[in-house]
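Hi there,

Here is the structure I promised to pass on to you. Have a look at it first, and then read my notes below.

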Amino acid sequence: EPAFTLEAPATWDGRTAIEVVPRIANLPAMAALGVGEIGAEWEAGPFAVVSEPAPEGLRLLHAFKSGRVTVTATLSNGGRPVTRSAEIVVTQPDHDAWVARTPDADEKPQEGQFYARDDSGHGTLVYAGTLAEPADAVFLRLLADGRAIATETATPGADGAYAFAMKLVPGLVIYAVEFGVRRGAEETVLDSVGDLVCGDAYLIDGQSNALATDTGETSPPESSAWIRSYGQPPSDPGADPGNRWCRAVWKAPEGQGAGARAEIGWWGMELAKRLVESRKIPVFILNGAVGGTRIDQHQRDDADPADRSTLYGRTLWRARQARITHGIRGIIWHQGENDQGADGPSGRYGWETYQRLFVAMAGGWQRDFPNARHLYLFQIWPDACAMGGRDGSGDRLRERQRTLPRLFSRMSILSTLGVRPPGGCHYPLEGWGEFARLLQPLLERDHHGVVAAGPLTAPNLLRVTRVADDELALEFDQPIRWDDALVGQFHLDGEAGLVAGGAVSGSVLSLRLGRPSAAARITYLKEAGWSQDTLLMGGNGIAALSFCEVPIEGGRSLFPGKSHP
């Protein structure tokens, strides 16, 4: 068997690529015996890390959190597998520099185009190409609401090449440009492009409650000059996509596909309208959600990321065509209904692989949307769309969603439990509108520096401690409220009816048990039987996230034969 150690840096900034390499001491001896061909399996955790195979080991590309990451390699040459680990201390930068997109050599704006602002607070309009005929100079004139506000002039290269990069100020302004040449004293405008805007760009992804169009509602296809999107790719991969910039609608009119006018969903539109009203800048939303899809169907194909036969690839294709990949500053995810059961490709339950697949998907986002620094997700409705089953698979799936923020430093999670009007599967329009109301202050905090007066997310359980054999202390990340009607929503080792009462002090909930219990785990809110009228609420009015089979820590026990994690 391989005798090896792992060679790895002691520290890492989580941004510069590093390699972890196995140093095999007995490789010549194995080769001499004909067993020198070695297979390797790698793991990195406990938080989210983007990695890829390297010729000699594993290349770590990006860490989503600071802390100690353990990299584990398991090598095997056909005999007993051998495992070794190395620990690396990760310290992320306090602020990531904005990653600029490399402009194309022949790049020009299209009518209706949206330009995303960067961390300097400006968008960049690129106009570049090569003249067909010589000229003394080229110029680019910028107009705002029909009035010329800036002109730049340049001398084309010997080959006729030229390039302009003009800064746009975000705001409720319609920009236009005029490009032309000067020959002597004569000025000729060769091209003009209008209906250009500059603001903030976001991506929505997931399944039907992210798409938010699967409803019988036939409201008019409202649109706005300040809310933009980019249409779906043509069905023929070889067809010229043309100009697919559009004013977004929440739902395309009957008989008109989303390729012509991009749908961003009901709550996507409501969120955009709220942001336009409050921040006074245009908003771009790309909605890549597809109804009835599992998380494994949203994975990136590393061999061909923009493969339009994949869900991920179609979304990336649209972003690349729109030249908005580096402008996306936040990604909003609502998905999981189809992962509650056991209909996935493995034949096992989706909760078992959900976090691993989410981390892999987030790694793809980091590569293709490098400035999307903040992730936002919803914990789904219990037994959503009646797909949770009765064996707790849906409860465990929501637990994996609840604990995802432990793997990321810039992730916010919201609850659907308290959304009214409710939706056992799809929400009525007013319920979907609550998604927008909950998201708006988070986006304003993270992307506009708005200081919140209090917590903006759903209360999330941090730990559970045994205070006594008949008392548990549940610590949350923010203040919560208690109601005695909640006693039936808690289960100890799967058993209900053991909680007799409770009391809250700030962010700590003390549960009084009706009798001593040596239970090892606690669950709040089972999909098999719960009521929206009895929910644990935060002081901010947002329903707490449900949790499942959380270990009860510490404390003595009346049952010495029972161990507690």
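The structure holds 35 salt bridges, each being a side-chain nitrogen of Lys or Arg within 4 Å of a carboxyl oxygen of Asp or Glu. Please keep in mind that this is a predicted model, where local features need pLDDT of at least 70 and side-chain atom pairs count only at pLDDT 80 or more, while totals for chains, interfaces and linings use all residues. Residues are numbered from 1 along each chain as its sequence is written, and side-chain values use heavy atoms, leaving out hydrogens and water.

One of the salt bridges joins Arg-294 to Asp-296, with the closest N and O atoms 2.7 Å apart. Arg-294 is buried at 16% relative accessible area, and Asp-296 is partly exposed at 23% (buried means under 20%, exposed over 50%, partly exposed in between, with a 1.4 Å probe and protein chains only). Asp-106 also forms a salt bridge, with Lys-108, at 2.5 Å; here Asp-106 is exposed at 53% and Lys-108 partly exposed at 28%. Glu-19, Glu-52, Arg-59 and Arg-367 are linked in a network of salt bridges.

Now for the sheet. Three bridges join β25 to β28 (residues 521-524), and Leu-492 has Ile-522 as its bridge partner in β28.

Enjoy exploring!

Note on methods: Two strands pair if DSSP finds at least two bridges between them. Helices (H or I, at least four residues) and strands (E, at least two) are DSSP runs, numbered from the N terminus.
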